[in-house]
Amino acid sequence: MGFKTKIRFIHKWLGLISGLIVFIVCITGCIFCFHDEIKDITRKEWRLVEPQNKPFLPPSQLQEKAKEVVPNNKATMIAYYGKNRSAIVYTYSDRGNLYLYFNPYNGKYLKSENPETDFFIIVEYIHLYLLLPDYIGKHIIGGATIIFILLLISGIIQWWPKRKSDIKRSFTIKWSAKWRRVNYDWHNTTGFYISLIALILAITGLTFTYEWVGDGIYKSFNFGGEKASETKTPIIDTTSFKANSVTAIDKAFVQTQKLRPKAEMFFIMIPQKKGDIVSTGAYPHTLRYDQQSNYYFHPSSGKLIQSQTFDEKSLGLQVVEMNYGIHTGQVLDLPGKILAFTVSLIAAALPVSGFIIWFGRNRKSKKVKA
């Protein structure tokens, strides 16, 4: 067996093993890609509000209003998504999680959302875990993603033209040929065109499964170092104060707004137990989870303990925190989402066209033997 013959053999069997999982992951990625835009159209009654020229209600008031709606639930985070968007109080109880939408200006209750029954969150869980327990599903998805990366590499090796005269043919599809030849050309040509972006999407996707991938990205851009040391949450002395998180979260939110006056999106993590600090985050763009600045406040006094703006973070940490935006295309706004959607859709079709190639050859081989 020659080198390319061996690569073809590996490519074929890896594709047959992982094809169905790759198809599911890519299709769910396509569906989830524009979830914010779709929800803004179909759920605008509780996702969008009339912008007003006045400050947002403090998080403690939204926390209290959430308590009135679901007395048995405990708030974990409050997020302000923009001047024309509702604020969300994220809560949990023994029965599960519940997201409560409020008007950030007057505190009017708008809607409750159960993540276990929400269509797009279910799609996201299929994308991440195949709706299996996370400790099982994530490894199946992670393994299939690693195989997909190997398929991209082996596919490029197979595609690479042997002679200069083959270069033009390798970049085009012969649409006038029979459909099996068109399918073969389409599989090879489109696979090549999307390979670089698909590789980036696959690697960034692996960070959601394996922490070592994120650590590797961090070290690669920083030429070493440990991510845990840069992202370590400050520790405070819990023996000399009485926690007063209600006052503290309001002070923390006000200070965060003053520190990042141009930010459009904020979140406040509510302390759950004694010793937990109040952490906040600020983002320059609505519904874009990159370029975040983080602040840490004392849970009793609301005094700023530590800050870490986006500019102060190392290049490695900046890239790691941009991972979600890169993976979903958010980092380039709408054009980036369109690109991620298109590449994911083509990637979903590759296992299908590859299976057709294998099935056709296998069937032809049996006929020849007969």
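This is a predicted model: local features need pLDDT of at least 70, side-chain atom pairs count only at pLDDT 80 or more; totals for chains, interfaces and linings use all residues.
Beyond its neighbours within four places in sequence, V278 is in contact with A248, I249, A252, I268, M269, P271, Y295, Y296, F297 and P299. In soluble globular proteins, nonpolar side chains tend to be buried together.

The largest nonpolar core of the model comprises 27 residues. V278 is one of those with the most contacts inside this core, a group that also holds L62, Y80, V89 and L100. Two or more residues of the core come from each of the helices α4 (59–69) and α11 (245–259), and from each of the strands β1 (74–80), β2 (87–93), β3 (96–102), β5 (265–269), β6 and β7. Among these contributors, α11 gives the most, with 4 residues. Apart from this core lies another, built of 22 residues, including Y210, I217, Y218 and L350.

Turning to the backbone, two residues deserve a look. L287 has a phi near 60°, a positive value in a residue other than glycine. This leucine sits in the loop between β6 (278–283) and β7 (293–297). Its relative accessibility is 13%, so L287 counts as buried.

D333 also is not a glycine, and its phi is positive at about 60°. This aspartate lies in helix α14, which covers residues 333–369.

Notes: Residues are numbered from 1 along each chain as its sequence is written. Side-chain values use heavy atoms; hydrogens and water are left out. Buried means under 20% relative accessible area, exposed over 50%, partly exposed in between (1.4 Å probe, protein chains only). A nonpolar core is a set of buried Ala, Val, Leu, Ile, Met, Phe, Trp, Tyr and Cys residues joined through side-chain atoms within 4.5 Å. Contact means heavy atoms within 4.5 Å.
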